[in-house]
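Q: Could you walk me through how the side-chain features of a model like this are to be read?

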Amino acid sequence: MSDKIWDVAIIGGGPAGLTAYLYARRALLEALLIEKGPIGGQVLLTDLIENYPGFPEGIPGFELIQKMQEQVEKYGLNLVQKKAIALKPEGELKEILLEDKEVVKARTVILALGAGMRKLGIPGEKELTGKGVSYCATCDGPFFKNQIVAVIGGGNTALQEALYLTKFAKKVYLIHRRDAFRATPILQQRVKENPKIEIIWNTVLKEIKGKDSVEGVVTYNRQTGEEGFLEVAGVFIFIGHEPETEWLKGVVELDEKGFILVNQNMETSLKGVYACGDCISKPFRQIINACGEGAVAALSAEKYLESSH
Ligand code: NAP
């Protein structure tokens, strides 16, 4: 593998990376997909996607990924399931160092890294992760049948997952630090109408309590200054995402939060390197725009390869 020079190496196999791969292969480029985990990324954690056009009844996250994967497999999927840990320009080429020291050489690189789940950073969170603290409702929701759980956050993910958790839990506290959600109105409406969900406004968590498993959360009302305790068996944290771009510092330009800066052609500050999907600096993170950016990144890479011949 290490002697081969790929036209394009795509790092990350979520919707952005898979679309970039599809476009690259249809441009008859020699493409390699590098993905450290299962193909699909965050979408795999979503129960039902209702805003991806073409699926009027909605489509489960894993099914949408399955379809995207089937589509790229039609063009031959060259896949390496390892973590990329370094990227460096080497003359006209780019070298990607993988965790096992293998080196991938490519003429162009598309960074479709996605983003990791942001952590609260409070006592008990780390200790009780996997013991009642979760960042994935589709993975862990069924463990909380007829129990009481808390969901933290006020964005689309928190509200969507709170609704999903009502399928299992007997009650869901939705705890948000402000007095207004940032989620889309239709989700807000559904949450407010759901009798199993109790919204707790202006409140943050101070601590997650429990010995071998979660027993409850210590809350703090930011308006009244009051502390409280809620008995819950599960705490689902959906407070946004963080880029996983530490390893790219000094290689491509990042914004102040660590997301990759790109122009409208998805070009990064390093020639021949493109980025797309949740890892780029942008206001809206949706599957549909991740796919669109993946297509643009691949088309830009194709154009660059043509012009450098
Ligand atoms: P998000 O939109 O960034 O929302 C994060 C939420 O967590 C915000 O309500 C924020 O509060 C809260 N928060 C952040 N840090 C916190 C902390 N330390 N303590 C307590 N609360 C904290 O993240 P997201 O909901 O995961 O969504 C990520 C992106 O994916 C968004 O662009 C979203 O639109 C998209 N998405 C879309 C859909 C959909 O279209 N159906 C579904 C899922 C995700 P504040 O509001 O006070 O800042």
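Q: Which residues do ring pairs link into a cluster?
A: Rings of Phe, Tyr and Trp (its six-membered ring) pair if their centres lie within 6.5 Å, and planes under 30 degrees apart count as stacked, over 60 as edge-to-face and the rest as tilted; here such pairs join Phe144, Phe236 and Phe238. This is a predicted model, in which local features need pLDDT of at least 70 and side-chain atom pairs count only at pLDDT 80 or more, while totals for chains, interfaces and linings use all residues. Side-chain values use heavy atoms, with hydrogens and water left out, and residues are numbered from 1 along each chain as its sequence is written.

Q: How many aromatic pairs does the structure hold?
A: There are 5 aromatic pairs, among them the tilted one of Phe181 and Trp201, with 4.6 Å centre to centre and 45° between the planes.

Q: Over which ring does the charged end of Arg285 sit?
A: A charge sits over a ring if NZ of Lys or CZ of Arg is within 6 Å of the ring centre and within 35 degrees of the ring normal; Arg285 sits over Phe259, 4.2 Å from the ring centre, and Lys4 lies over the face of Trp6, at 4.7 Å.

Q: Which cysteines form a disulfide?
A: A disulfide is a pair of cysteine sulfur atoms within 2.5 Å, and Cys136 and Cys139 form one with their sulfur atoms 2.0 Å apart; the link is right-handed, with 80° about the S-S bond.
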